[in-house]
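The following exercises concern one protein chain and its ligand. Please work through each task before reading its solution.

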Amino acid sequence: MSQYNIPKTQSVAIVDKIGGTVHVNPQHPVRQPEDLALGECLVKMHCTGVCHTDFHAASGDWPLTANLPLIGGHEGVGEIVAIGKGTVDSPVKVGERVGIKWLAYSCLDCEMCLKGLEQNCVKAKLSGFTVDGTFAEYVVSWVQHVTPIPDNLDSLEAASILCAGVTVYRALKYSQTNASEWVVLPGAGGGLGHMAIQYAKFMGKRVIAIDTGKEKKELCKKLGADHWIDFKESKDIVKEIKDLTDGLGANSAIITAATGAAYSQAVDYLQCGGTLMAVGLPGEATIDASIFFTVYKSITIIGSYVGNRQDAKEAMRIASVGGVKCHYAKHPLSDIKEVYEELKEGKIAGRVVVELKKKD
Ligand code: 8ID
Ligand code: ZN
């Protein structure tokens, strides 16, 4: 039961068929507290970030298909207003502010979960893909997987830590790159990339940001990138990176661009022993890397998929101590269609965060 007054209907942004137009339904049903299952919680949303993944999911350009009708969104922050009856040992309580990330649920008991690869659990439920996501005023999630939000962090600032932040934080964590070493960030001006610059600097690394346009250049420089390369203007990205790194090449590349092209030169500009972290998710592309030089240069290629609960807590803690700050533009839910268009065209510097509840 809940002490809150929970409405029967709500506004959600929804896609009826893959490739269809996202639209707002103001009469979508709200699951009521008495209908929550054991371990589930109902979260009244404050806001949600919009990730390029939401656009991939709605347009159907991945080799996985989303559940339909699709309510996207996986960077949500809100307040728990009810918890399923009979739930014991919940790590969160009613009234607490929590975040909903891409991995909404995993069993916590299988080999993948126990190895810390919760995101690869066969029973995983994905927010905004296989279960209703955060483009809604009320979302059902799971007490074991929601992320507590530190008190000193504003909901709008915390939202994009839940996907963009966690994902790049984990990719950097496993990039085998020490403080003072070079990280190249293709996609640096986007949602994930602009957070990656800040996490990399917080970890003491040196950053070469790659993206395009004046606005993204200014943002990357402001956030601490040591160097900037415009991929549309550069005649030779590999040479530019080698020139900036004493002829040796960079120690790692965290590729967050949503295109295969951004992967193609990485093995060439990495130095021996370097690591390519694959993060950006174009649906069809393959990594075009020289086998010879991958072997000869002792290059490591690692796929890095979001993060587990501990990664989320660490990424959030770095935000709460002021190590990173999301650069975002605030929009109403009704703007989602235009936001998808802008993501498609690569027009958004940083992130868009949708406000679902005005501050009291
Ligand atoms: O767990 C994961 N691995 C994970 C988690 C979250 C998101 C992966 N993703 C994926 C998304 O599905 C998407 O494919 O990461 C990709 C980037 O997500 P995003 O940061 O939300 O997208 P964005 O804000 O559009 O930023 C992409 C940036 O890449 C630049 C664009 O200009 C944009 O700023 N870019 C492109 I497109 N091509 C480029 C290139 N060749 C490039 N930058 C450098 N070189
Ligand atoms: Zn995402």
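The model is predicted: local features need pLDDT of at least 70, side-chain atom pairs count only at pLDDT 80 or more, and totals for chains, interfaces and linings use all residues. Residues are numbered from 1 along each chain as its sequence is written, while chains are lettered from A and ligands numbered from 1 in the order in which they are written.

**Exercise 1. Overall form**

Determine how the radius of gyration of the protein chain relates to that of a compact globule.

Solution. Step one is the secondary structure, which comes to 11 helices and 17 strands; these are DSSP runs numbered from the N terminus, helices being H or I with at least four residues and strands E with at least two. Step two is the extent: along the principal axes, the C-alpha atoms fill a box of roughly 65 × 40 × 40 Å. Step three applies the globule rule, 2.2 Å times the number of residues to the power 0.38, with the radius of gyration taken over C-alpha atoms. For 360 residues a compact globule would have a radius near 21 Å, and the 20 Å of the protein chain agrees with this.

**Exercise 2. Domains and ligand**

Solution. First, the chain is divided into domain 1 (9-149 + 327-355) and domain 2 (165-303), with bounds from an automatic or database domain assignment. Their C-alpha centres lie 28 Å apart. Next, 12 residues of domain 1 are in contact with 11 residues of domain 2, contact requiring C-beta atoms, placed from the backbone, within 7 Å. Then consider the shell of ligand 1, where a residue is near if its C-beta atom, placed from the backbone, lies within 6 Å. Among its 33 residues, His52, Gly187, Gly190, Ala257 and Ala258 come nearest. Helix H1 (52-59), helix H4 (161-173), helix H5 (191-202) and strand E11 (206-211) each supply at least two shell residues.

**Exercise 3. Helix packing**

Find the relative orientation of H1 and helix H11, and likewise that of H4 and helix H10.

Solution. Axes are lines fitted to C-alpha atoms, for helices over the stretch in contact, and angles run from 0 to 180 degrees between N-to-C directions. Angles under 35 degrees count as roughly parallel, over 145 as roughly antiparallel, 65 to 115 as roughly perpendicular and the rest as oblique. The axes of H1 and H11 (residues 336-344) come within 10 Å and cross at roughly 100°; the pair is therefore roughly perpendicular. In this contact, His52, Phe55 and Ala58 of H1 meet Tyr340, Leu343 and Lys344 of H11. The axes of H4 and H10 (residues 309-320) are 9 Å apart, at an angle of about 100°, which makes H4 roughly perpendicular to H10. Residues of H4 in this contact include Ile161 and Tyr169, and those of H10 include Asp311 and Met316.

**Exercise 4. Backbone geometry**

Solution. The peptide bond from leucine 68 to proline 69 is cis, with omega near -15°. Phi of aspartate 246 is near 55°, a positive value in a residue other than glycine.

Methods: Contact = placed C-beta atoms within 7 Å.
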